[in-house]
Every structure is written in C-alpha cells, then in structure tokens.
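Biologist: I'd like to learn how to read a structure like this one. Can we go through it together?

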Amino acid sequence: MLNLLSYLFGIISLVIVIPSIIPLLGWGNWLALPLIVIGVILGALSSKDGGRNFCLIILLIAAVRLSIGGGFF
C-alpha cells in the first residue's frame, strides 16, 4: 500500500516537474520537491523499492533543472 502511495506522489510530482523544464517555470520544481520527499519517505517505509526509486529519479530531474537555472528560473 505504501509503495502505491509512493507511486501516486511520484506521478503527481512528475506532472508538476515536466512543465517546469520550460524556462521561467522553474518555480514549479520548488512546489514538487515536498511531494517528492514524501514519496521517497513512503517508498522507504514500503517493503518494495519501486516507488522509492521512481521518486528518486524524479528528484534527480528536478534537482538538475534547479541547478541549471540557478534555483529560480
């Protein structure tokens, strides 16, 4: 059940992160980061690793995008 919730938080975060790749929409990554962290925590508490790994990949995408844009753009 926790793994499913982790996937759910990951999918919601992915929907926010994908449009945030566009310049001047980088602020969306800051909105997605708390959801991604919650997904990682739920995935870590689960007996399976799929949801946690999915959220970690999304976290990596958001972190790279934020570092490229200097954290704002």
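Predicted model: local features only at pLDDT ≥ 70, side-chain atom pairs only at ≥ 80, totals over all residues.

Modeller: Let's start with S46: with a relative accessibility of 14%, S46 counts as buried, because the cut-off is under 20%.

Biologist: Where does S46 lie?

Modeller: S46 sits in the loop between α2 and α3. A polar atom of the S46 side chain is 3.2 Å from the backbone nitrogen of K48. Leaving out residues up to four places away in sequence, S46 touches L2 and N3.

Biologist: And S20, is it buried or exposed?

Modeller: Buried, at a relative accessible area of 3%. S20 is in the loop between α1 (2-17) and α2, and its side chain reaches the backbone oxygen of I16 at 2.8 Å. With residues up to four places away in sequence set aside, S20 touches L25, G26, G28, N29 and R65.

Biologist: Now the helices. How do I describe two packed helices?

Modeller: You give the angle between their axes and the distance between the axes. Here, the axes of α2 (residues 27-45) and α3 (residues 50-68) come within 8 Å and cross at roughly 155 degrees. That angle is over 145, so α2 is roughly antiparallel to α3. The crossing of α2 past α3 is left-handed.

Biologist: Which residues meet there?

Modeller: From α2, N29, W30, L33, I36, G39, V40, G43 and A44 meet R52, C55, L56, I58, L59, A62, R65 and L66 of α3. The residues of this α2 contact with α3 divide into 11 nonpolar, three polar and two charged.

Conventions
Residues numbered from 1 in each chain as written. Heavy atoms only, no water. Axes fitted to C-alpha atoms, helices over the stretch in contact; angles between N-to-C directions. Helix = DSSP H or I, 4+ residues; strand = E, 2+ residues; numbered from the N terminus. Parallel < 35°, antiparallel > 145°, perpendicular 65-115°, else oblique. Left-handed = near helix turned anticlockwise from the far one by under 90°. Contact = heavy atoms within 4.5 Å. Nonpolar A, V, L, I, M, F, W, Y, C, P; charged D, E, K, R; others polar. Buried < 20%, exposed > 50% of the residue type's maximum accessible area, 1.4 Å probe, protein only. Polar contact = N/O pair within 3.5 Å; in protein donor to acceptor, adjacent residues only side chain to side chain.
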